[in-house]
Every structure is written in C-alpha cells, then in structure tokens.
Amino acid sequence: MDSSPPSSAQPNALLQIIGGLYILFGSFGLISLLKNAALCFAPLEGQTGLMAEMMRGNDSYAATMRTLFLPGLLYALAQFISGVGLLRASRLARKAAIGCALYGIVAAVFTGWLTVSYTLPFTLAYTLQQVKNPDMLNTTRNITLASGYIGVALGVLYPLTAFILLMRTKVRSPF
C-alpha cells in the first residue's frame with residue numbers, strides 16, 4: 001500500500017522550484033555576507049580589492065554598505081527558511097516567501113540605484129584605466145555598462161517574478 005499523500009496534497013512543482021531557488025539564493029547571500037563581513041566592519045586600511053578601494057574613497061557609500069549588512073543578513077536567512085518551508089508545502093512559508101519577494105523588489109531597486117550611482121561609475125573608471133589598447137576603450141566601456149545594467153535588471157526581475165508566481169500559486173498542504 002502506497003503511504004504517500006494523494007496527488008492533491010503534493011506540493012505544487014512551481015513552489016518546489018521557487019523553494020529551491022530561495023534556498024540557493026538564501027545560501028549564496030548568507031555565504032557572501034559572512035565572507036564580506038570583514039569588508040564592512042574591519043578597518044579598510046589593510047584591505048585590498050576594488051570594493052575596499054571604493055569604500056575607502058566614498059564614506060557615504062561605505063556607511064550605506066555597513067547599514068545594509070544586517071537587513072541583508074536577515075533577508076538571506078528568511079529567504080533560506082521560507083525556501084525550506086516551500087519544499088515542505090507550508091502555507092506560512094508561502095506567506096514568508098511573498099514577504100521576501102516584496103522586500104527583494106524594494107532592495108533590488110535600491111541596490112540598482114547604488115549600482116548606477118556609485119558602483120558602476122567607479123568600476124568603469126577603474127576598468128578603463130586598465131585598458132592599454134585605445135581601440136578597445138569604447139568596447140570595454142560598453143561591455144562594462146551593459147553588464148552593470150543587465151545585473152540591475154535581473155536583480156529586480158527575480159523577486160518580481162517570484163512575487164507574481166507566489167501570488168498565483170497556492171500551497172497544497174498535506175495536513
């Protein structure tokens with residue numbers, strides 16, 4: 001005799017995919033934030049890399065990055081936990097995932113503004129200094145700008161798509 005719940009109690013496949021993506025992106029966020037904690041909270045003088053240079057050169061950007069650390073950590077944790085809940089067909093997890101998607105949209109718009117206002121100009125200037133062939137300057141500029149804007153668009157697209165799909169998809173709990 002089959003002990004699995006009836007098919008109507010099986011979690012929706014779309015929710016399984018979103019749950020898996022929430023676990024993946026939540027895990028990536030947690031690892032990235034923990035790995036970069038030193039960048040936000042240790043003295044910048046001894047640190048190397050493009051991000052450390054950018055934070056040293058712009059106090060308001062550095063303060064913004066430090067301020068966003070805790071909300072980013074909580075968001076990544078909530079995304080991971082709601083992803084696990086979606087895999088378990090939890091109605092509460094669906095609500096939490098919708099909240100994560102809404103927060104993700106707002107955070108992506110703000111991050112996009114930071115990228116366009118601070119990160120992209122700094123990265124563009126740094127990248128163009130590295131180009132030795134004058135014929136490659138325009139191509140390098142275009143690729144750098146395109147990749148930055150594509151990143152911003154994808155950053156908004158993912159939580160927006162997740163929100164739309166979560167609002168249209170119901171969780172079928174086996175309980």
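The model is predicted, so local features need pLDDT of at least 70, side-chain atom pairs count only at pLDDT 80 or more, and totals for chains, interfaces and linings use all residues. Residues are numbered from 1 along each chain as its sequence is written, and side-chain values use heavy atoms, with hydrogens and water left out.

Confidence next. pLDDT is the predictor's confidence in each residue, from 0 to 100. The chain average is 85, and 91% of the residues score at least 70. Over residues 1-9 pLDDT stays under 50, and the model has seven contacts (heavy atoms within 4.5 Å) for them beyond four places in sequence. Where pLDDT is low, the predicted coordinates should not be read in detail.

Helices are DSSP runs of H or I, at least four residues, numbered from the N terminus. Six of them, helix 1 (13-35), helix 2 (37-41), helix 3 (50-57), helix 4 (59-87), helix 5 (91-130) and helix 6 (137-168), each supply at least two lining residues. Helix 5 gives the most, with 11. By class, the lining has 23 nonpolar, 14 polar and no charged residues; nonpolar means Ala, Val, Leu, Ile, Met, Phe, Trp, Tyr, Cys and Pro, charged means Asp, Glu, Lys and Arg, and the others, Gly among them, are polar.

Helix 6 has 32 residues and reaches 46 Å from first C-alpha to last, close to the 46 Å expected, which is 1.5 Å times one less than the number of residues. Its buried residues (under 20% relative accessible area, 1.4 Å probe, protein chains only; exposed is over 50%) are Thr140, Thr144, Gly148, Pro159, Ala162 and Leu166. Their cover includes helix 1, helix 4 and helix 5.

Ile81 sits in helix 4 and counts as exposed because its relative accessibility is 53%. Ala89 lies in the loop between helix 4 and helix 5. Its phi is near 60°, a positive value in a residue other than glycine. At 1% relative accessibility, Ala89 is buried.
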